[in-house]
Amino acid sequence: MGQGVIALRWTLRIITYAVFAIMVLTLAIIVVSGLPHFFRPGFFTEWPRRAMSEGGIFPMLIGSLMLMALVFEVSIPVGLIGTIFLSEIAPRKLSMVLQSLAATMNSVPSIVYGVFGLSFFCVRLSMGTSLISASLTLSTMSIPFFMNSAVEFLRAVPKELREGVIALGASKLQATLMVLRASRNGVLTSLILTLGRAFSETAPILVTGAVFYTTKLPVRLTDPVMTLPTSIYAIVMNLGEESQWMAKGMASLMVLITIGVYFLVQLMRRNQRE
Amino acid sequence: MSDVVFEIKNLYAYYGDHCVLNDINLKIRSKRITAIMGPSGCGKSTLLRCLNRLNDLIPDFSLKGQILFRGQDIYRISNLTEYRRRVTMVFQKPNPFPMSVFDNVAYGLRIHGITKKSVLREKVEEALRKAALWDEVKDKLKKPAVQLSGGQQQRLCIARALAVEPEVLLLDEPTSALDPIATTKIERLLEELAEQYTVVIVTHSMGQALRISDEVVFLYEGKLIEYGDTSVIAKTPKHEVTRQFLTGKIG
Amino acid sequence: MFVLFTSVAAVLVAAALFAIVFFIFSESLRAIREVGWGLFSPNWYPVWELEPEFGVRTMLLNSLILTVWTSVWVWIVGLAVALYLHKYARDREKQVVLRILEYVSGVPSVVFGLFGVLILGDLFLRAGAWTAQNFLNASIVLTILTLPFMTSLTFQSIEKVPSHIVDGAVALGAKDIHVLLVELKYAAPGIVNAMLGVFNRIFGETMIVLMVAGGANVLVRSFFDPIRPLTATLGSEIGEVAVGSLHYSALFFIALLVLSGCLILNVLTNVICRRLERWVKG
């Protein structure tokens, strides 16, 4: 028995350590290659100049934040209400069907959302390449994602809690508020993950709202916007050597933000367990 | 006020096609402890939950017949949430809400519209005193309720139910999850509460029913076998099944 | 009231999926009607004035080959890591590895694209490849992208195997390898779910293949060949095409292919996993 099992264990161990090393190395290289650029004067506060070979990433930062804020405002309320309907109100069969639909939507590739957004929001509804098109497209993507994640947390609330409040004379609305309160940690986690994903997605907004370069910040919903991910794409694919540093800086920033977000989520998970 | 609080007429209850209560007819009187007992699965919890329409939450559930609360058909009342304030329930497993002790007891008051701090404080203290819990938690009011012991949590649930000033207290096997000392404390408490409230308690412990109840309802396989004064039934049960249950041969 | 309000939101969500399918299908109708079977020719020259061609065959094949090749590696390595974490890793090792995998899973795909172009691309050139952006580059980056997903889902599936099953096997004197097989059998629905999910993800991934795979629409013959999968064509041309033109419609046909592939895979996954669950639970 000995030999075979030991060989297996060592093979698996080597593979795992190799994978671990590659992952850490990849993250490290991306972060390190861009980190020094954070310290260039004006990196966070200036506009890019000279075909993005000088200056900073200010408009991209603002653009991404604005987009995220809009997505938050649209997808979280709708997603939350949809989740409540799924978990608390719908009869079981309808609930299962809706949840399958949401799960299916979750697996649709992001480019398909982008193409849909283009034909529906930009063309059919004449919203053009704008902040509103991009945010609606992203919201269409984010709502199923949020629902899929949050519904498990709501379902996990034990039925004794629901019966307890009803038995005291709570209305359906009040009972639902209690369920939300009991699952608030999980719902918050879902919210953070959803926003994180919206922040990182490129394909859906590449064709619906984000542009390569614009001279001013979006002031109306119909203005186009520059964002971090789309600018990274644009620089890497279209610009020369002198501009790559900006892309690396943005990539580094995005990875650090991602790590920060997931670190937060992991902390919240640990708190919930205790 | 009439002495009869609940009158149940020809009640049949079903989960889907399965009949769990078969032609129940009985009256429950006020300011007494009525115990519903019988072996496991005889329908006692179902019967209790009919009284505050908690079975409405179960998708397959349906019933035939009438349940009158002070003469009114409870399936025809206009305000169900107000009804459930007058007829509250405490469950088998203590289910404190994820909040502080104070907020737990105040919850019922808040959802029925009482929000003034001074009023809340007064009523919470009153409820906790009635539930014989005040002394143990008076300096822990802001602590999460889940930190209390099992027996304390159950008394908290009772205080929570009392805070809304109900007329009827329904308890579904309230001590089966507790140790003997906590059980005794709660039994004492229920005897005191029966002086002010109508108490209906489901129990599978024959000893408990005999100890504290004034009237007893005996169910077997969904059917009402007999009901009446506890001391009378204990000594002279009319049915064979009752006698077998009392002597421990079944259940 | 409250109930009505929430049901409206849910209806919106359900309607969205149908809207998406409907739109993509209707915009691609023109291409289907006018180009017909020509859509499956190997050449894609949409802007050639004389005789534009809208054949997706080469792109489709490249997509499939890339997906199959990469998926197989991800399945094997992901399973290996999950097994190691479940059986042999100490608690500390488990935690650290899972955490890093979680971080990687959140990295935007465009950042991986940058990694492939700037960093891996450099290595490829130094190794003598004739182009930095090629099949192998895309495959490597896609592996890094999807490995966390495969590993964590597989790991969770194996961990969820009820301990009494494992204890039962051990108590019968089964050897290590047999116990492992029992665990794998029990976790099979979850593992297969993960495997098909990986396939779906790779097939539908856009940014990475757009940036790293090369962009030449030639059927792949060596690892260093540049290719252009379906999603890359879609991503690169949809932004510049004239709305309403035949080219536009043909791109929507590609979107329809990608969407159909994804939906079919979804249904397949559900069916297969349900069958497996029945087989497992006996």
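How far apart are the closest C-alpha atoms of chain B and chain C? The answer is 15 Å, and no contact joins the two chains. Keep in mind that this is a predicted model.

## Who touches whom

There are 2 pairs of chains that touch, and the pair with the most contacts is A and C. Chain B and chain C, as said, have no contact with each other.

## Where A meets B

Here 15 residues of chain A face 22 residues of chain B. On the chain A side, helix 6 (159–167) and helix 7 (172–182) each put in at least two residues. Helix 6 of chain A gives the most to that side, with 6 residues.

## A helix pair inside chain B

Now for some packing within one chain. In chain B, the axes of helix 6 (residues 150–163) and helix 7 (residues 180–193) come within 9 Å and cross at roughly 20 degrees. Angles under 35 degrees count as roughly parallel, so helix 6 of chain B is roughly parallel to helix 7 of chain B. The crossing of these two chain B helices is right-handed.

Which residues do the touching? Helix 6 of chain B brings B:Gly150, B:Gly151, B:Gln154, B:Arg155 and B:Ile158. From helix 7 of chain B come B:Ala182, B:Lys185, B:Ile186 and B:Leu189. Sorted by class, this helix 6–helix 7 contact in chain B has 4 nonpolar, 3 polar and 2 charged residues.

Technical notes
Residues are numbered from 1 along each chain as its sequence is written. Chains are lettered from A and ligands numbered from 1 in the order in which they are written. This is a predicted model: local features need pLDDT of at least 70, side-chain atom pairs count only at pLDDT 80 or more; totals for chains, interfaces and linings use all residues. Two residues are in contact if their C-beta atoms, placed from the backbone, lie within 7 Å. Helices (H or I, at least four residues) and strands (E, at least two) are DSSP runs, numbered from the N terminus. Axes are lines fitted to C-alpha atoms, for helices over the stretch in contact, and angles run from 0 to 180 degrees between N-to-C directions. Angles under 35 degrees count as roughly parallel, over 145 as roughly antiparallel, 65 to 115 as roughly perpendicular and the rest as oblique. A crossing is left-handed if the near helix is turned anticlockwise from the far one by less than a right angle, and right-handed if clockwise. Ala, Val, Leu, Ile, Met, Phe, Trp, Tyr, Cys and Pro count as nonpolar, Asp, Glu, Lys and Arg as charged, and the others, Gly among them, as polar.
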